[in-house]
Amino acid sequence: MMFWIVAALLTLGASLAVLLPLASRPKGDSGGNEHDLEVYRDQLSELDRDMARGLIAPADAEQARAEIARRIIRAGSGGEGGSVPRFATSGRVLGGVAVLAIPLISWGLYAAIGSPDVPSQPLQERLAQNPADGSVDELIARAEGHLAANPQDGRGWDVLAPVYLRLGRFDEAATAYRNAIRLEGSTATREAGLGEAITDAGEGIVSSDAQRAFERALKLEPTQPKASFYLATALVQDGKMTEAAKAWEAMLALLPGDSPWRSPTEQALAETRKRLAEAGPQKPSTGPTQTEIDAVASMSPTDRTAMIETMVAGLDEKLRENPNDPEGWMRLVRSYLVLGKKDDARTAFNRGLSALGASTEDGRKFADFAATLGLSATE
């Protein structure tokens, strides 16, 4: 009801602001005629004084008096400027009709095709309604508003993080998971969700940060399926097909028959076995020792990144000297992607494919490996 009152008052005010100037008569006409008559009277008096002093001949005085009289008659009857032109009066009438018609027509149309009976519902009222009756956007807005006012609500971050993840807002999901872990503590589900958010934000590359999150999840829950799946995917991205196949097999042995992870794991294992069969016998991989792993883990993030970049630069130099090393090219491409250097990874991929030969068996394997990382030969 308040809306209609305010709308009516505003419409009335706007209409009056236009109608009043149109309805008022011009002020310049009558005032001008009165002034002219006064001037003509003064001229007659002056003429009589001049004739009495002999300054003007009687005949000339009579002729001037007649001319002044004619002017007085015209001014008294309105003359040329004494009445408002017909077109001006018609314009005021048409303007008044238009001003009155606009609000009447607009209100009539709204009453016919609008929804005047629907009660108003401001944003705050919508956010305060039953969550089951709200849209996803409203629920998220409500949660974000709550967390903006209560940033230490770990439970709120815990609820919002998987929602962000499902909506594809990966960076925000990672932030929400970190806040939930910081405030509510580390759980396998939260750590696995954090790793997934980091991986998705990195276009599917299981980075070192994501790997550490997945490893923490497995320490808390050794059978956590999401963490196991992504760590096996990291082995594939490293070119360690044999280890990846074993990881898929171990995961399948522990998954319940109705687990939603069984189907994607079976598909991943089948694809890995196919690639292993095409590749033939593999040389055993030589990874870092446990001492080297512990030494890297104890470094600061800045020192660790600097060391990794140095190692990657060294690998790049070795491949320039000995380019016939498909496993080396795989490690180089993935290393660049983990460091967030996608342009360098694409350049390394093109160099490696050129060195190995796109039509050779090693070249095809390298291209298949790069495809799992989001790189294709067309690039």
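This is a predicted model: local features need pLDDT of at least 70, side-chain atom pairs count only at pLDDT 80 or more; totals for chains, interfaces and linings use all residues.
1. Helix H18 covers residues 361-372. Its 12 residues reach 17 Å from the first C-alpha to the last, close to the 16 Å expected at 1.5 Å a residue. Five names make up its buried set: Gly-363, Phe-366, Ala-367, Phe-369 and Ala-370. These residues lie on the same side of H18, because they cover an arc of only 160° around the axis. Just after H18 comes Gly-374, with a positive phi of about 95°.

2. The chain holds 18 helices and zero strands. It has 379 residues, and buried residues make up 28% of them. Take the contacts with a separation of 6 or more: residues 24 or more positions apart account for 52% of them.

3. Which residues have the most contacts inside the largest nonpolar core? They are Tyr-164, Tyr-177, Leu-194, Ala-197, Val-206 and Phe-214, in a core of 27 residues. The elements that give two or more residues to this core are helix H6 (136-149), H7, helix H8 (170-184), helix H9 (188-201), helix H10 (208-220) and helix H11 (225-237). H8 gives the largest share, six residues. As background, nonpolar side chains tend to be buried together in soluble globular proteins.

4. The buried residues of H6 are Glu-138, Ile-140 and Leu-147. Note that Glu-138 is on that list.

5. H7 follows in this review. It has 13 residues and reaches 19 Å between its first and last C-alpha, close to the 18 Å expected at 1.5 Å a residue. Its buried residues are Gly-154, Gly-156, Trp-157, Asp-158, Leu-160, Ala-161, Tyr-164 and Leu-165. What do they pack against? The partners are H6, H8 and H9.

6. Gly-156 deserves a look of its own. The residue sits in helix H7, which runs over residues 154-166. Gly-156 counts as buried because its relative accessibility is 16%, and the cut-off is under 20%. Ala-176 is 20 residues away from Gly-156 in sequence. In space, the two are 8.9 Å apart, C-alpha to C-alpha.

7. Is Phe-214 buried or exposed? Phe-214 is buried, with a relative accessible area of 0%. Leaving aside neighbours within four places in sequence, Phe-214 is in contact with Ala-192, Gly-195, Glu-196, Thr-199, Val-206, Lys-226, Ala-227, Tyr-230 and Leu-231. Phe-214 is also one of the residues with the most contacts inside the largest nonpolar core.

8. Glu-196 is on the Phe-214 contact list. Its place is in helix H9. Glu-196 is buried, since its relative accessible area is 15%. Not counting residues up to four places away in sequence, Glu-196 touches Leu-165, Phe-214, Lys-226 and Tyr-230. Lys-226 and Tyr-230 are also among the contacts of Phe-214.

9. The structure holds five aromatic pairs. One of them joins Phe-214 and Tyr-230. Why is this pair stacked? The ring centres are 5.0 Å apart and the planes are at 5°, and planes under 30 degrees apart count as stacked. The pair links distant parts of the chain, with Phe-214 in helix H10 and Tyr-230 in helix H11, 16 residues apart.

10. Tyr-230 counts as buried, because its relative accessibility is 13%. Its ring also forms an aromatic pair with Phe-229. That pair is edge-to-face, at 6.0 Å centre to centre and 80° between the planes. Phe-229 is buried too, with a relative accessible area of 15%. Ring pairs link Phe-214, Phe-229, Tyr-230, Trp-248 and Trp-261 into a cluster.

Methods: Residues are numbered from 1 along each chain as its sequence is written. Side-chain values use heavy atoms; hydrogens and water are left out. Helices (H or I, at least four residues) and strands (E, at least two) are DSSP runs, numbered from the N terminus. Buried means under 20% relative accessible area, exposed over 50%, partly exposed in between (1.4 Å probe, protein chains only). The expected span of a helix is 1.5 Å times one less than its number of residues. The arc is that of the directions from the helix axis to the C-beta atoms. A nonpolar core is a set of buried Ala, Val, Leu, Ile, Met, Phe, Trp, Tyr and Cys residues joined through side-chain atoms within 4.5 Å. Contact means heavy atoms within 4.5 Å. Rings of Phe, Tyr and Trp (its six-membered ring) pair if their centres lie within 6.5 Å; planes under 30 degrees apart count as stacked, over 60 as edge-to-face and the rest as tilted.
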